[in-house]
Amino acid sequence: DAAGAVYVAGDGFLEKLDAALNQVYTVPLSNPAAALAVRPDGTVLLAQASHLVAYSPEGRPLTAFDLGRGTAISGMALSSSGAIFLTGSTTSASLPAARDALNGPSDAFVTKMAADGVTAEWSVHVGGSGIDGGSAIALRPDGELVLAGYTASPDFPGLGAGESLEGGKPGFIAQLDAEGKVIHSSLAGNA
C-alpha cells in the first residue's frame with residue numbers, strides 16, 4: 001500500500017506487515033487464498049475459491065461476492081479507476097453478468113467487478129471445446145487485458161494460423177479488449 005506495508009496470504013491466513021516487516025495483523029481464513037491485490041488505501045482484495053472478499057486496512061471483512069458453484073478464482077488485477085478483473089476456471093454456464101456461454105467442459109473466465117467489489121459488470125468465458133482455465137490476468141495502460149492460462153482445446157479462440165496443441169504446449173497467452181473480447185492468443189510453454 002502507500003505506506004509500504006506488505007501483505008501475505010496463503011493456506012488459511014492473511015497477514016499484514018508494516019514497512020519494517022513487523023506484524024500488524026493476521027486474519028485466519030477458512031479457505032486458502034488464491035489471489036491478492038491491495039488498493040493504495042490498504043484495502044485488501046482476496047480471492048478464496050469462488051469468493052472475492054474485501055478487508056479493511058485493519059483486517060476487518062468488509063464485503064464478499066460469490067461467483068458461484070463450479071468457479072475458482074486464480075488471478076486478479078485492479079484498474080486505476082478501482083475496477084477489479086478476475087480470472088480462473090469455471091464449469092458454470094451462469095457466471096454473474098455473463099455475456100456468453102460455456103464453450104467446453106471448463107473455460108477460463110474474465111469477470112469485471114465494479115470498484116465496490118460486489119457488482120459484476122460483465123463476465124466472459126474464454127475457451128474452446130476442451131478443458132481451459134485462466135491463471136493470471138494483467139491490465140494494460142490502454143485498458144486491454146492480458147490473460148494467461150492453460151488449454152486442452154484445439155479450437156482455442158484467437159490462435160494464429162499453424163498453431164496447434166501438438167508438441168505439448170498447454171499454456172496460452174491471450175489479449176482481450178477492454179470489454180473481454182479475445183483479440184488474439186498464442187500457445188506457450190511445454191507440458
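1. Ala49 sits in the loop that joins β5 (44–48) to β6 (51–55); strands here are DSSP runs of E at least two residues long, helices are runs of H or I of at least four residues, and both are numbered from the N terminus. Although not a glycine, Ala49 has a positive phi, near 55°. Its relative accessibility is 38%, so Ala49 counts as partly exposed (buried is under 20% relative accessible area, exposed is over 50%, and partly exposed is in between, with a 1.4 Å probe and protein chains only).

2. The model is predicted, so local features need pLDDT of at least 70 and side-chain atom pairs count only at pLDDT 80 or more, while totals for chains, interfaces and linings use all residues. Residues are numbered from 1 along each chain as its sequence is written, and side-chain values use heavy atoms, with hydrogens and water left out.

3. Leu21 also has a positive phi, of about 65°, and is not a glycine. Leu21 belongs to the loop between β2 (13–17) and β3 (23–28). With 54% relative accessibility, Leu21 is classed as exposed.

4. Two aromatic pairs turn up in a search of the whole structure. In the pair Phe156 and Phe172, the ring centres are 4.4 Å apart and the planes are at 35°, so this pair is tilted (rings of Phe, Tyr and Trp, the last by its six-membered ring, pair if their centres lie within 6.5 Å; planes under 30 degrees apart are stacked, over 60 edge-to-face, and the rest tilted).

5. Where do Phe156 and Phe172 lie? Phe156 is in the loop between β13 (145–151) and β14 (171–176), and Phe172 is in strand β14, so the pair ties together parts 16 residues apart in sequence. Phe156 is buried at a relative accessible area of 3%, and Phe172 is buried at 1% relative accessibility.
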